[in-house]
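Welcome! Please take a look at the sequence and the structure below, and then read on for a short briefing.

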Amino acid sequence: MKVARREFPPAPETAAAAREFVHDTLLSWGVPDPFDDVILLVSELVTNAVIHARSSLEVTVRRLEGSVEVMVTDAAPERAVPQAGPLAVDASPSRSEERSGGLGLALASAIASSWGVSYGRADKAVWFRIDDAGDGASSLEAPAAVRRTPGRPPRPAPWSALDAALGSRLSLPQLLERTVEYATTALGGDAAYIALATSDETMWEVRSAVGLTSGGAPWRPLRIRTEEAFPSAAPEPGAVINDDLMIARAHRGRLSRAGMRSLVTAPLIVDGRVTGLLGVASRRTRHFAAAAAKRLQEGADLIALPVERSRLAEVELNRRASLSFLAEASDLLAGTLDERMTGALAAQLITSRLGRWCAIHAVNELGVPRLTHVMHGNENYNDVLRDLLSGEPPREQRDPQPLWGPADLTEEEIDDGLVRELVRGPAISIPLVAHGRELGRMTIGKNESDDFTREEVDVADDLSRRVASAMENARLHERQASMSVALQRSLLPAREKEPSIPSVDHAVFYRPADEKNVVGGDFYDVFAASGRWCFAIGDVCGTGPEAAAVTGLARHTLRALAKEGFTPSHIMQRLNMAILDENTSTRFLTMLYGEMTPATDGGGGMRVRMVCAGHPLPLRLNPKGEVEQFGTSQPLLGAFEDVGFTTENVDIRPGEVVLAVTDGVTERRSNSDMLGDTGLERIFSGCSGLSAQAVISRIDRELEEYAPGGHTDDTAMLVLRFL
């Protein structure tokens with residue numbers, strides 16, 4: 001009996017190393033080839049030990065009379081080996097095995113002459129025995145833990161393990177990982193890979209590989225061009241052998257760096273279309289013969305349709321996820337009309353879904369770019385990123401690659417570990433364009449160990465258009481808001497230019513119905529004209545720019561006529577005609593206009609000459625807290641040509657307070673109830689002894705308590721407190 005042993009670490013490359021050890025050992029002992037079944041089971045048992053035991057392991061090979069025995073021992077007896085019946089009876093792994101991609105001992109039960117598991121205090125051993133070709137079952141006594149199959153089953157085909165994996169409902173990554181492992185074993189190669197067409201079928205992506213990374217590092221999907229995926233210039237309908245990669249055009253890079261010298265590939269063909277490529281490589285030249293190529297093509301044909309179905313399902317799942325992300329992003333971006341908030345929200349969305357970091361550059365009205373937002377998944381990198389991107393925005397770059405080269409960095413930056421880590425990662429930079437105008441630049445980066453998929457680049461491109469549209473809307477809203485503020489400022493008197501009226505304390509108030517649009521139809525005015533102090537409060541039917549146009553006409557016409565010394569009735573008559581001449585939108589105007597002069601009866605106070613043109617009548621509050629309306633309602637302005645107005649004279653005594661409001665106050669609603677004149681009089685009656693501004697504040701507070709947030713109409717108030 002001959003025995004060979006070797007210890008291995010629990011690393012991803014252990015399965016390949018164990019296969020090579022057993023292969024070389026059997027060759028050195030003169031065991032007749034082929035011994036594919038032995039290598040296949042070694043690969044399976046070692047892989048299971050690495051995945052489940054996660055401890056160092058020992059592989060022991062014994063040459064018995066007429067058979068070969070291999071034992072895999074690990075140091076984790078507490079982790080039991082899942083038992084499985086013969087593959088022909090039940091090849092499906094348990095759910096726990098399915099999660100890790102293993103097939104348990106199903107292969108051992110189907111292939112080995114005998115196999116078993118033994119547990120010790122400090123270790124656990126799984127072994128199998130395979131008789132030489134042509135021999136019956138071994139007559140050697142097997143340990144008590146052995147499970148025998150009734151007679152040796154027929155030798156399985158080279159891809160029986162892969163066929164079993166297809167029936168075990170593995171995910172696409174798991175299936176691809178098992179495929180490259182089985183392909184390596186089936187062809188006696190040192191490395192294998194499988195490449196699939198991208199969703200747009202313009203490139204290929206090496207989704208899984210074994211034997212091509214150094215130090216046992218896991219394989220990271222790699223996008224390559226067609227000429228890099230196939231050993232010939234273009235995909236071919238059958239398997240292709242490349243005897244010496246050192247003189248080949250393709251694969252000169254990654255395969256050669258891994259020490260591979262020969263290669264055989266087989267296309268995955270579905271409905272006459274090449275959907276992928278399965279390749280096995282060897283460190284020896286001219287290692288593969290026609291039989292190996294035929295065998296590989298059989299494996300490729302076996303998995304082509306299941307892999308394509310899984311790939312299309314994955315593409316559809318990613319597409320739905322992308323659409324859901326874009327829909328959610330659109331809703332969030334549409335919810336803000338602030339440009340800075342839009343940029344900050346875009347950066348947050350990107351770092352949560354598309355990249356490790358994001359930077360937003362905005363271009364102002366003069367075409368000058370400025371970095372507005374920087375966000376990294378690790379906030380410790382934010383300042384470094386801001387320094388790197390503070391100058392000109394990166395050039396447009398939709399092909400993921402590092403943004404900076406050594407020539408772009410100072411010696412101090414090159415010596416900085418954080419900078420080095422950032423600049424090595426791939427990045428894309430996409431313009432933010434709306435209506436043919438570039439509003440800025442959106443730059444997205446990842447860690448060096450990550451890469452952008454084509455789908456992620458497409459989603460980023462789509463998102464950039466949505467961000468640009470939101471930024472454009474925010475800018476338009478900001479410009480409109482600025483114009484609205486300027487227009488409303490022209491419709492209301494500046495506080496600093498309001499006159500100081502002897503013996504009268506006055507205060508004014510205005511609030512538009514929509515606080516996002518400060519242009520409304522209500523207005524007030526207080527001014528001096530020809531020795532008189534004039535006041536006015538008005539309400540145009542409706543709100544918005546059209547109402548504001550009528551407001552502007554009324555206010556400026558009123559001032560001009562008052563300064564000419566016309567009486568209030570004559571002013572109303574002229575103003576009515578001006579509105580009828582200029583107003584083409586059928587906007588009506590109610591107005592209370594009055595002029596104050598000192599009373600002539602010697603009792604102090606003021607005489608008010610006034611016209612109330614369709615407006616709510618003013619209220620008067622005496623020192624006793626009694627409230628009454630005064631004046632007479634006359635026709636509104638801008639409705640009829642043939643109307644006349646009459647000037648009324650009212651004497652206001654010292655200590656009295658006059659309140660004039662628009663209907664936005666009296667029509668304030670709380671559910672189905674309306675405040676009305678009675679409600680306003682009740683509030684006003686409690687304002688005795690307050691200053692004019694205090695009266696305004698008291699009424700505003702009472703209105704908010706009566707109907708919180710219920711200002712659905714423009715609101716204006718004017719208070720005159722006679723001292």
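R319 counts as partly exposed at 42% relative accessibility, where partly exposed is the range between buried (under 20% relative accessible area) and exposed (over 50%), with a 1.4 Å probe and protein chains only. Its salt-bridge partner is E316, with the closest N and O atoms 2.7 Å apart; a salt bridge here is a side-chain nitrogen of Lys or Arg within 4 Å of a carboxyl oxygen of Asp or Glu.

This is a predicted model, in which local features need pLDDT of at least 70 and side-chain atom pairs count only at pLDDT 80 or more, while totals for chains, interfaces and linings use all residues. Residues are numbered from 1 along each chain as its sequence is written, and side-chain values use heavy atoms, leaving out hydrogens and water.

**More on salt bridges**

- E316 is also partly exposed, because its relative accessibility is 28%.
- Both E316 and R319 sit in helix α9 (residues 290–334), three residues apart, which is about one turn of the helix.
- Salt bridges that share partners also join E396, R398, D461 and R465 into one network.
- By the rule given above, the count comes to 31 salt bridges.
- One of them brings together the side chains of R129 and E69, at 2.5 Å from N to O.
- R129 belongs to strand β5 (residues 124–131) and E69 to strand β3 (residues 67–74), so this pair ties together parts that are 60 residues apart in sequence.
- Both R129 and E69 are buried.
- D74 and K124 form a salt bridge too, at 3.0 Å from N to O.
- This pair links distant parts of the chain, with D74 in strand β3 and K124 in strand β5, 50 residues apart.
- Both D74 and K124 are buried as well.

**The chain as a whole**

- The protein chain holds 19 helices and 30 strands; helices (H or I, at least four residues) and strands (E, at least two) are DSSP runs, numbered from the N terminus.
- Of its 723 residues, 50% count as buried.
- The accessible surface of the chain comes to about 33200 Å², and 50% of this belongs to carbon and sulfur atoms; such areas come from the Shrake-Rupley method with a 1.4 Å probe, and for residues only the protein chains shown count as cover.
- Among contacts (heavy atoms within 4.5 Å) between residues at least 6 apart in sequence, 64% join residues at least 24 apart.

**A buried aspartate**

- D539 lies in strand β20 (residues 532–540).
- With a relative accessible area of 9%, D539 is buried.
- Leaving aside residues up to four places away in sequence, D539 touches G521, D522, F523, F588, L589, T590, H615, T662 and D663.

**Loops with a positive phi**

- D271, a residue other than glycine, has a positive phi near 55 degrees.
- You can find D271 in the loop between β11 (262–270) and β12 (273–282), and its relative accessible area of 80% makes it exposed.
- N671 is not a glycine either, yet its phi is positive at about 60 degrees.
- N671 is placed in the loop between β28 (669–670) and β29 (673–674), and is exposed with a relative accessible area of 77%.
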